[in-house]
Amino acid sequence: MLFFQSEKNNFNQKLYNEISSSAPDYVFIGNSMLETRIDEIYLEKLLGDNKDVLLLTMPGGMSSSWYLYLKNFVAEAGINPDNVYIFFRDYELTKPLYRTQGEYSQKLDLLSRTEEVKFDMIINSNSGIGDKLSRLFDEIYPIQAKNNKARDLINRLSVSPYIPKIIPFTFLRVTLGLDDSNYIPVLREYKNIQNSTNDLFSRKNFRSTEIFDFSDIPSEFKKTSSFLNLMVDISDEHDIELTFVRVQKRPNSINSKISDVILNDYIDKLNKFLISKEVNFIDLEGKGFSLDYYLDGDHINPEYIKDFTEYFYRENMIYFGGEN
Amino acid sequence: MIFQSYEYISLLIFVLVIFWFLSRKIQNIILLIASYIFYGYITPWLVFLLLSYTLVNYFSALKIQNTKSQKNRKLFFAFSIFSGLFVLGAFKYFGFFIENFTDLLAYFGFLDSKMTLQIFLPVGISFYTFQTISYVFDVYKGKTKARKSIIDVSLFIGFFPQLIAGPIERANSLLTQIEKQKHFKIKNFNDGIFLIIWGFFKKLVIADNVAIISDKIFLLQDPHFSLLVLASLAFGVQIFADFSGYTDIARGSAKLFGINLSNNFNNPYFSRSMIEFWRRWHITLSIWFRDYVYIPLGGSKRSNAKTYLNILITFILTGLWHGAAWNFVFWGLYNGIIIILTRIYLSKTNFRINALGIMLTFCFIHIGWFIFRSENFYLSLLSSFSGISIDFKNFIYLFMQVLIFSLPLYIFGAYQVIITKKNNLHRLGFFDNLYIKSIIVMFLYLGILILRSNSTSDFIYFKF
C-alpha cells in the first residue's frame with residue numbers, strides 16, 4: 001500500500017548464504033557507477049581459468065552500504081577473494097550520512113545485522129540535531145520511503161493524456177502494489193516518453209552556467225569519522241586486499257575552478273591516507289573514455305559496458321590482481 | 001537558520017513552550033534572543049550587522065522625535081536613511097556597479113578586461129533595511145512615535161518569523177502588537193499550525209518539485225519556444241508557491257506567539273489587470289514603494305506625464321530591489337510600462353470582461369516571470385525559434401507534471417476567490433471549521449512526507 005505500511009526489513013540471509021557458499025575471486029562493491037561499468041560475466045570470461053566475479057551493488061547506495069557489504073557479506077562470510085574493489089565518486093567515501101534515510105534506510109536494513117554498533121557510532125557522530133530528529137521520525141514511521149511510489153504515480157498520471165490506458169493500471173499497481181508484468185506494451189510506451197524527456201535534459205543540451213552548491217563540499221578530510229576508516233580497518237583485520245577505485249567524471253562536467261582545486265586537494269589527501277594504510281587506490285579520473293561513451297551524468301552507456309570492463313581489466317586488474 | 005530544517009522546528013517548539021508562561025517583558029526578551037539565534041545560526045557575524053542597524057535606527061528615531069530644530073531633525077533623518085541605504089548598496093549593488101563600470105571602461109579601451117566582485121549578501125538585508133526605513137520615516141512624518149524600549153524596537157526589526165523574507169511590517173502594525181500583552185487563544189494556535197503546514201506543503205511539495213522542471217529548461221542552451229512557455233508557467237507556480245509558502249510559515253509561526261503579520265498575497269493569479277496584480281502580489285512591498293517612493297515623488301497628483309514617470313521610476317526601483325542585475329531592471333520597466341498602458345486603457349473605456357482580464361493578466365505576469373528568471377532572456381528568445389525541438393508527448397508529460405503539483409494551489413486559490421466574493425470577507429468558509437482544518441492539516445503533512453522533492457533549495461526571496 002502506498003500510505004499505511006510501516007516496515008523494517010530484515011537482514012538478507014539468503015544473499016549471505018549464497019555468497020558464503022561461493023568462492024568469488026574478485027568482489028566489486030558500489031552503486032550505479034559500478035553497475036554501468038563492470039559486466040561480471042564478461043569479466044569472468046576475460047579473466048579465464050574459471051575465475052569468479054561477484055558484484056555487490058545498491059543503486060544509489062553510498063559509503064554506508066559499501067561498508068555493510070564489506071563487513072557482512074565479504075569479511076563475515078569468510079570468502080577471501082583476491083581483491084575487493086570499491087567504486088566511488090568525488091567525496092562519497094567521507095560523506096557518511098549521504099543517502100542513509102528514507103528508502104535508503106530500508107535498503108540498508110537488508111544489509112545490516114540486528115546490531116551494528118560501529119555503523120550507528122559513525123551515523124551518530126556525524127548527525128546534528130536536525131539529522132537525529134529526522135532519523136527518529138524515520139524510525140517511528142518510515143513514510144519517506146514511499147516517496148518513490150508516489151513519484152511513480154505522478155509520473156504515470158502525467159502521461160495519461162497521451163496514454164489513457166495507463167490510469168487503471170497505475171492506481172492498482174502503485175496503491176495496491178500489483179505486478180506490472182500484465183501490461184508491458186503500455187509501460188514500454190510510457191518509458192519511451194520518459195527517455196525522450198531525459199534526452200531533452202541530457203548534459204549535452206545545457207549551457208555552461210551550471211548551478212554549483214558550495215555547501216556540498218566538505219571543509220576537511222574526515223577520515224576518522226567516516227565509513228572509510230571502518231572499511232580500511234576491516235581489510236586490515238581480515239587480511240582483505242582492498243582497492244578503492246575513483247571513477248571518471250563525465251568529460252564535459254562543468255565545475256568551477258575552485259571546486260576542482262578543492263576536490264584535487266581532497267583526492268591527494270585520500271591517496272596519502274590510503275598509502276599510509278597500505279590500501280590500494282586507483283584514480284580513473286581523465287582516463288580512457290570520451291564523452292561518446294557516456295549515457296547520463298557519470299554513467300557509462302550500457303552498450304559500452306564491455307569496453308569499460310575490458311579497459312579496467314587490461315589497465316588495472318592485471319597489475320593489481322598479480323597473477324594474470 | 002532556515003524554516004525547512006529540524007533546527008527551526010526545535011527552536012520554535014522550545015520558545016513556544018516557555019513563552020506563554022512569561023510576563024510580557026520577558027516574552028519579548030525571549031523572542032529577541034530566539035531571533036538572534038535564528039539569524040546568526042549559520043553566519044554569526046550577521047547578528048552584529050542587525051544589531052548595528054537596530055542601534056542606528058533606535059537612536060535616530062528618538063533624536064528625530066526629541067529634537068525641536070527642524071534642521072537637526074532632517075539631519076538625523078537623512079543619517080538614518082542614508083546609512084541604511086549605504087550598507088544595503090555596499091552589500092547588494094557595489095559588485096553590480098563595479099562590473100558595469102569596468103565593462104564600460106573596457107568598451108572604450110581604458111581597461112583590458114572587466115572586473116567582477118563576489119560580495120557576500122547578508123540574507124534578509126533588503127527586508128529589514130526597508131522595515132527600519134519605514135519606522136524612521138513614519139517617526140519623522142509624525143505617523144508613529146519613537147519607542148523608548150530598545151528591546152521592543154530590536155524585536156520589531158529582528159522578529160525571526162519575518163526577518164529574512166518579510167512581510168515588511170510597519171511600526172503601527174507590528175510594534176504596537178509587540179508592546180501589548182499577548183493572550184493565548186486556541187484559534188490563533190490552530191490557524192498558526194494550519195498556515196505553517198500549508199506553507200511547508202507549498203514550498204517542499206509544490207515549489208521544489210516544479211522548480212526541477214523550470215530550472216532545467218532555463219539551463220538549456222537552445223530551448224524551443226514551447227519549452228520557454230512551459231518554463232515561464234512552471235516558474236510562475238514555483239515563485240508563488242515558494243514565496244507565499246514562506247509568508248504562510250512566517251505568519252503561522254507569529255500567530256503561535258499571538259502576533260498577526262500582514263498578508264503578502266491575495267490570490268494574485270486571479271487578478272483582472274496588472275494594477276490589481278500589484279495589489280495582490282507581495283502586498284507589503286507594493287505598499288512600501290507606494291508610501292515611501294511613489295507618493296513622495298508626487299504620485300498621481302500632477303500631470304499624466306509626471307504620473308507615468310513616477311510609475312516607471314517606482315517600478316524600476318522595485319525591480320532593482322529584487323537584485324542587482326539587468327533582468328530585474330527590465331522586469332521592473334516592463335511592469336511599469338504595462339501598468340501605464342493599463343491606466344490609459346481603463347481611462348478611455350468601460351469595456352471589461354473579468355474572465356478575459358484574468359487570462360490576459362495571467363499572460364502578462366508570466367511574460368514578466370520569463371524576464372525575471374532568465375538572466376539572458378533576449379538570447380533565450382532569439383534562439384528559441386531555432387532550438388531543440390520538442391514533440392507533443394514531451395510537452396504534455398512536463399506540462400502535466402507542473403499541473404498536478406500546482407493543482408492544490410489553484411483549487412485553494414479559486415475557492416478563496418469565490419468565498420471572498422460571496423461573503424465580501426477574507427474568510428476561509430468551511431476551512432474555518434476546526435475539524436475540517438485538522439483533517440486537512442493531517443493530509444498536508446502526509447503529502448509533505450511522501451511528495452516532497454529530494455532537491456530542496458533555499459527560498460527564492462532569500463537572495464533579494
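Let me start with one residue: which residues does B:Thr284 touch, not counting residues up to four places away in sequence? The answer is B:Pro167, B:Ile168, B:Ser262 and B:Asn264, where a contact means heavy atoms within 4.5 Å. B:Thr284 itself sits in helix α13, residues 283-297 of chain B. At 8% relative accessibility, B:Thr284 counts as buried. Buried means under 20% relative accessible area, exposed is over 50%, and partly exposed is in between, with a 1.4 Å probe and protein chains only.

Quick housekeeping. This is a predicted model, so local features need pLDDT of at least 70 and side-chain atom pairs count only at pLDDT 80 or more, while totals for chains, interfaces and linings use all residues. Residues are numbered from 1 along each chain as its sequence is written, chains are lettered from A and ligands numbered from 1 in the order in which they are written, and side-chain values use heavy atoms, with hydrogens and water left out.

Okay, the two chains. Chain B has 464 residues, and 53% of them count as buried. It has 19 helices and zero strands. Take the contacts in chain B between residues at least 6 apart in sequence: 76% of those join residues at least 24 apart. Its accessible surface is about 21400 Å², with 68% belonging to carbon and sulfur atoms. Those areas come from the Shrake-Rupley method with a 1.4 Å probe, and for residues only the protein chains shown count as cover.

Now chain A, with 324 residues, 49% of which count as buried. Here we have 13 helices and five strands. For contacts in chain A with a separation of 6 or more, residues 24 or more positions apart account for 81%. The accessible surface of chain A is about 16000 Å², and carbon and sulfur atoms hold 50% of that.

One spot to look at in chain A is A:Asn83, in strand β3, residues 83-88. A:Asn83 is buried, at 0% relative accessible area. From A:Asn83 to A:Val27 is 56 residues in sequence, but 6.5 Å in space, C-alpha to C-alpha.

On to salt bridges, meaning a side-chain nitrogen of Lys or Arg within 4 Å of a carboxyl oxygen of Asp or Glu. How far apart are the N and O atoms in the salt bridge of B:Asp242 and B:Lys203? They are 3.0 Å apart. B:Asp242 lies in helix α11 (residues 225-256) and B:Lys203 in helix α10 (residues 186-219) of chain B, so the pair ties together parts that are 39 residues apart in sequence. And look how covered they are: B:Asp242 is buried at 1%, and B:Lys203 is buried at 0%.

Another one in chain B joins B:Glu179 to B:Arg147, with the closest N and O atoms 2.7 Å apart. B:Glu179 is in helix α9 (residues 171-179) and B:Arg147 is in the loop between α6 (125-140) and α7 (150-158), so that pair links parts 32 residues apart in sequence. B:Glu179 is partly exposed at 28%, whereas B:Arg147 is buried at 10%.

Now the rings. Phe, Tyr and Trp rings (the six-membered one for Trp) pair if their centres lie within 6.5 Å; planes under 30 degrees apart are stacked, over 60 edge-to-face, and the rest tilted. The structure holds 65 such pairs over all chains. Take B:Tyr8 and B:Phe38: their centres are 5.7 Å apart and their planes at 70°, so they're edge-to-face. B:Tyr8 is in helix α1 (residues 6-19) and B:Phe38 in helix α2 (residues 24-40) of chain B, so the pair ties together parts 30 residues apart in sequence. Both are buried.

The charged end of B:Lys437 sits over the ring of B:Phe194, 5.5 Å from its centre. The rule for that is NZ of Lys or CZ of Arg within 6 Å of the ring centre and within 35 degrees of the ring normal. Chain A has an example too, with the charged end of A:Lys95 over the ring of A:Tyr98, 5.1 Å from its centre.

Definitions and conventions: Helices (H or I, at least four residues) and strands (E, at least two) are DSSP runs, numbered from the N terminus.
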